[in-house]
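Biologist: I would like to learn how to read the overall fold and the charged pairs of a model such as this one. Could you take me through it step by step?

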Amino acid sequence: MQHFRRACSSSRSMICVYAIVLCLCFIMPAARTLAAPGNDPAVEAKIQRIQNGLLPPVMIEGETSQTTKLVERMTQIRVPGISIAVIHDGKIEWARGFGVTATGGAPVTPDTLFQAASISKPVAAMAVLRLVEAGKLDLDVDANQYLKSWKISENSFTEHSKVTLRRLLSHSAGMTVHGFPGYASDERVPTLVQVLNGEKPANTPSIVVDTVPGTIFRYSGGGYVVVQKLLEDVTGQPFPKVMQELVLGPSGMTHSTYEQPLPSNRMAETAMPHAPDGQPIKGGPHIYPEMAPAGLWTTPSDLARYAIAVQESLAGKPNSLLSVKMAREMLTPVLLNNGLGPQVGGSGQHPYFTHEGASAGFQCNLVAYNKGNGAVIMTNSDIGGQLANEIQRSIAHEYGWPDFQPALQILTKIAPKVLEQYVGVYQLAPTVTLTVTIDNGQLMVQPSEQGKVPIFPSSETRFVPKIVDAQIDFNKDEKGAVTSLTLHQGGNDTNAPRISDKVVERKEISVPAEILKQYVGTYEIQPGLNVTITLEGNQLFTQVTGQPKFPLFAESETKFFLKIVDAQDEFIKDEKGAVTHIIHRQGPNEVKVPKI
């Protein structure tokens, strides 16, 4: 449901009206391209089709799909800079930068450095596997055998099942701490041991085992901090040097480093991080002493070289970083779809490996097929992952990949009386409902705290939205009565029982302008974040700092509702009749917003 939530809204203001969303218009300079072998007119034509025709997640047979330009999308969702590298037939076919490193800053080029965030993990895993092949490590013995200056605390969970490198690399070691926020440039940075122990100035808890190792998958950046410490103890070298000698250097990742903080003489090479509202992250890039899980500075081209090194190892090419056997072991799932570093997917005929990354102000994607093709997309925005997925979808379509392309749907027509059977409220989760209504003959679905989304029939009981790759099946009992719906999305099937066959629609009434004038003014959510109520003719509007205006519709003289999202504003008066504050209600939340 989380992805459905994200895709159902054209902006964060559609999900939560009282979120801070600033719209900055970045001036996008001409894209800078890496001249790779084979970057001929045919390749340039591919690039132009991708950057000028981002595809929707769903394509309808017989309909012309609405496409958007990359630069327009960057401006629309406030992503200042993007860098892309595409692998074709085992080589980097092209690499190109778009946008700027910072507002008013230099253009992004193929050599601009970005933080790889969690994509640091599969690259770090490669170093472990190389040491395994050198006979210096074993994937399946107690990791404490290799740790010298710090040890994994033994407890009842490790009594009969030990933490091993195989389990650490595949997030199945039962270790805590999901991820790391990093440290601002003006904050004290802890040592690695302080991070492991959760001692100040570390900003995360101690990394411990709290589940029997090997029994469940649970994503753990903490486990990769243990890997970092283990590699330092075994080699006697700082982690950045270990990575340079074992992976970055041999794979040709000449721009990349795990140094944290990045040396000052290289800061001019970097993209600056940005928040979802387009504003720069205060103090610039965060520092990550947790280098193995989050510390890699790199470019899409360098990450593509890592992916090619894996592909060449699988193919058994001379001078590969890994043997065929070890490369296959790396991409064999341990639990769920998690290999030794990368996640794996695809079909038996077209397997791929992948990983995503997100740190403060950076988001990125890497995907590569075991044979020959792939792409890396890096952004300097906390919302960049959304756009990276759109770009990846369009690359997949252009190059004819078997996965990641828009879903193709065939629609049909069904009678209006059939639609009426599906109207009602469905319980998707304890605090999430899906409300199904009919608006002018169109079936609509509205998740809690979101706007309505039209859904279209692909059969009498299956419906699809056009803005996200998902399907909704309406389920009937033996008497033909609708009892539930099932949401299919991202490989997950979620059943939602029907809890009501009636939908309470809010009725709009007319309120005299003289009454509406009382509500005009400014209301403070928090310092620097206000709600401004304005009146245009007989229409009341609400506008949060940095967001567009949205109309408010009256259901009584003091209670108003929004149509773009399930939210209500009630204007409260004192004993003298003066408006003192708004009560904003959205989902289970209620916020008092005083008038200033």
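Modeller: We shall go from the whole chain to single pairs of side chains, keeping in mind that this is a predicted model.

Biologist: What does the radius of gyration say about the chain?

Modeller: For 596 residues, a compact globule would have a radius of gyration near 25 Å, and the chain agrees with this because its own value is 26 Å. The secondary structure comes to 15 helices and 27 strands, and 53% of the 596 residues count as buried.

Biologist: How many positive and negative side chains are there, and how many salt bridges does the structure hold?

Modeller: Side chains of opposite charge can pair when their charged atoms come close. The chain has 52 positive and 56 negative side chains, with the centres of the two sets 1 Å apart, and the structure holds 20 salt bridges.

Biologist: Which parts of the chain does the salt bridge between R166 and D140 tie together?

Modeller: In this pair the closest N and O atoms are 2.6 Å apart. R166 lies in helix 6, whereas D140 lies in the loop between helix 5 and helix 6, so the pair ties together parts that are 26 residues apart in sequence.

Methods
Residues are numbered from 1 along each chain as its sequence is written. This is a predicted model: local features need pLDDT of at least 70, side-chain atom pairs count only at pLDDT 80 or more; totals for chains, interfaces and linings use all residues. Side-chain values use heavy atoms; hydrogens and water are left out. Helices (H or I, at least four residues) and strands (E, at least two) are DSSP runs, numbered from the N terminus. The radius of gyration is taken over C-alpha atoms; the globule rule is 2.2 Å times the number of residues to the power 0.38. Buried means under 20% relative accessible area, exposed over 50%, partly exposed in between (1.4 Å probe, protein chains only). Lys and Arg count as positive and Asp and Glu as negative; His and the chain ends are not counted. The place of a charge is taken as NZ of Lys, CZ of Arg, CG of Asp or CD of Glu. A salt bridge is a side-chain nitrogen of Lys or Arg within 4 Å of a carboxyl oxygen of Asp or Glu.
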